[in-house]
Amino acid sequence: MPPDPAPPGAAKFAGAEFDAWKAANGADVKYDLVAWPQLHDRMATAFASGSAPWDVMYNCGWVPEFESFLLPFVDDLPKELVDDMPGSSFSTVTWNGKRYGAIFTLSLLTLFYNKEHLDEAGLGAPPKDWDEFLRYTKELTRDGRYGFVSNYGDPAGIGGTASYWMAFLQQAGGTMYAEDGSPAFNTEAGVAALQMMIDLQAAGTDPGSISYVGINDATNVLLSGRASMMMNWPFMWKPAQDPKGSQVVGKLAASVLPAGPAGTASIDGTDAWTIGKSTKDAEKARKLIEFYLDPAIQKKQALDTGWLPIRLSVLNDPDVQATMPLAKVVLDQAQHPYDSFVTPDYNEISQAVGTEIQKALQGQKTAAEAIAEAETLASAIIARRG
């Protein structure tokens with residue numbers, strides 16, 4: 001399947017508005033619906049050959065890697081549009097001080113939980129901090145189900161094992177890199193973040209989590225009622241309300257992630273629109289992205305597809321919040337730090353870091369040993385980049 005969320009004309013929403021935009025702009029828009037697993041490599045191959053055929057491209061954490069093939073168009077977007085987007089949303093599309101993309105959905109990790117399970121355990125509200133998170137996980141592990149579930153089977157990428165640790169890292173007050181770009185996570189905060197994941201494992205994380213490769217694997221555990229809590233993206237809210245595939249209809253709720261020593265923090269999915277340097281009409285390409293980000297289109301994106309808008313005004317829209325109560329939670333989470341620490345070698349670094357985290361989760365290393373080795377590996381990768 002191609003990436004989801006998809007834009008009007010590829011996904012079934014705002015069709016009449018899209019036709020009107022094309023007519024008004026004298027444009028014909030054709031989509032190359034590349035399957036998600038092949039998307040990155042397809043673009044990399046096209047860029048390397050000098051024959052990239054696309055004007056506008058979906059990017060997911062690859063902007064720094066593909067920077068030399070992209071236009072830094074964000075400064076040409078209307079000010080009112082940029083001001084209506086969270087400032088942190090530009091962190092993963094910025095490299096060398098230039099902004100190369102516009103995020104179009106506010107996809108942040110938040111905490112999803114089964115209200116019925118919490119009520120049965122006498123826990124009236126979601127966990128507010130790490131201590132409560134651990135206690136809840138232990139108390140909710142009962143009756144053949146687990147307190148927490150995640151997907152730690154794939155170490156790399158957005159939504160891989162390393163990226164979950166990056167959320168805990170920020171909650172502990174740490175960061176991935178120093179100002180000079182060198183790794184800076186072999187610290188008390190880095191070790192504490194991994195120790196929290198290890199402690200969650202012992203408290204009552206589904207043992208299958210270490211083998212669940214994709215977010216859908218872990219999501220299915222939560223939707224079947226076999227786990228009580230998980231960190232997840234907004235996409236799951238809509239399928240969770242479908243009685244054909246969900247056992248938690250009317251039982252699911254969400255909250256900001258439990259706070260660590262430095263407070264709550266998250267990571268984002270980095271779904272962005274970018275413009276290729278080889279485009280023959282940069283202005284029209286930018287106008288197409290502006291159309292995708294128009295408030296009316298963003299609202300239809302939310303109501304018809306379940307993917308939240310990036311525009312703050314639309315997240316605050318009463319219709320959007322009534323249809324998707326999750327919108328308020330994600331908007332609250334966006335008021336706190338979130339950074340996915342995307343770099344040109346993000347996949348390679350997250351593979352190395354995530355593999356060390358997996359070893360610690362499996363009891364093969366201590367948190368301190370895993371983080372120390374992870375920083376050594378990351379330093380070597382960055383040194384090769386030069």
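Helices (H or I, at least four residues) and strands (E, at least two) are DSSP runs here, numbered from the N terminus. This is a predicted model, where local features need pLDDT of at least 70 and side-chain atom pairs count only at pLDDT 80 or more, while totals for chains, interfaces and linings use all residues. Residue numbers start from 1 along each chain as its sequence is written, and side-chain values use heavy atoms, with hydrogens and water left out.

**View 1. Thr270, a positive phi in the loop between β8 and β9.** Thr270 sits in the loop that runs between β8 (252–255) and β9 (271–275). Its phi is positive, about 65°, although Thr270 is not a glycine. For background, most residues other than glycine have a negative phi. Thr270 is buried, with a relative accessible area of 3%; buried means under 20% relative accessible area, exposed over 50%, and partly exposed in between (1.4 Å probe, protein chains only).

**View 2. Asn96, another positive phi, in the loop between β2 and β3.** Here the loop lies between β2 (94–95) and β3 (98–99), and Asn96 is part of it. Asn96 has a phi near 55°, again a positive value in a residue other than glycine. So is Asn96 buried or exposed? Asn96 is exposed, with 59% relative accessible area.

**View 3. Ser255 in strand β8.** Ser255 belongs to strand β8 and counts as buried at 10% relative accessibility. Leave aside the neighbours within four places in sequence, and Ser255 is in contact with Thr110, Leu111, Tyr113, Pro126 and Val329. Contact means heavy atoms within 4.5 Å.

**View 4. Trp165 and Leu194 in the largest nonpolar core.** That core has 127 residues, and Trp165 and Leu194 touch the most other members. A nonpolar core is a set of buried Ala, Val, Leu, Ile, Met, Phe, Trp, Tyr and Cys residues joined through side-chain atoms within 4.5 Å. In soluble globular proteins, nonpolar side chains tend to be buried together. What does Trp165 contact, leaving aside neighbours within four places in sequence? The list is Met176, Phe185, Gly190, Ala193, Leu194, Met197, Val353, Ile357 and Ile371.

**View 5. Gly190 in helix α8.** Gly190 is found in α8 (residues 188–204) and is buried, with a relative accessible area of 0%. Not counting residues up to four places away in sequence, Gly190 touches Trp165, Leu169, Phe185 and Ile371. Zoom out to find Glu17: C-alpha to C-alpha, Gly190 and Glu17 are 47 Å apart in space, and 173 residues apart in sequence.

**View 6. Helix α9 and what packs on it.** Helix α9 (residues 215–223) has Ile215, Ala218, Thr219, Val221, Leu222 and Leu223 as its buried residues. These pack against β5 (110–114), α7 (161–171), β7 (227–232), α10 (237–240) and β8. Just after α9 comes Gly225, with a positive phi of about 85°.

**View 7. Helix α11 under its cover.** The buried residues of α11 (residues 282–292) are Ala285, Arg286, Leu288, Ile289, Glu290, Phe291 and Tyr292. Their cover includes α1 (15–25), β1 (56–60), α4 (79–83), β4 (101–103), β9 and α12 (295–305).

**View 8. Leu293, in the loop between α11 and α12.** Leu293 lies in the loop joining α11 and α12 and is buried, with 0% relative accessible area. Leaving aside neighbours within four places in sequence, Leu293 is in contact with Leu81, Ala102, Ile103, Phe104, Gln298, Ile310 and Arg311. Take Leu81 from that list: the two C-alpha atoms are separated by 7.9 Å, although Leu293 and Leu81 are 212 residues apart along the chain.

**View 9. His40 in helix α2.** His40 has its place in α2 (residues 36–49). At 15% relative accessibility, His40 counts as buried. Which residues does His40 touch, not counting those up to four places away in sequence? They are Trp62, Glu65, Phe66 and Asn347.

**View 10. Stepping back to the chain.** The protein chain holds 17 helices and nine strands, and 55% of its 386 residues count as buried. Its C-alpha trace spans about 60 × 50 × 35 Å along the principal axes. Among contacts between residues at least 6 apart in sequence, 71% join residues at least 24 apart.
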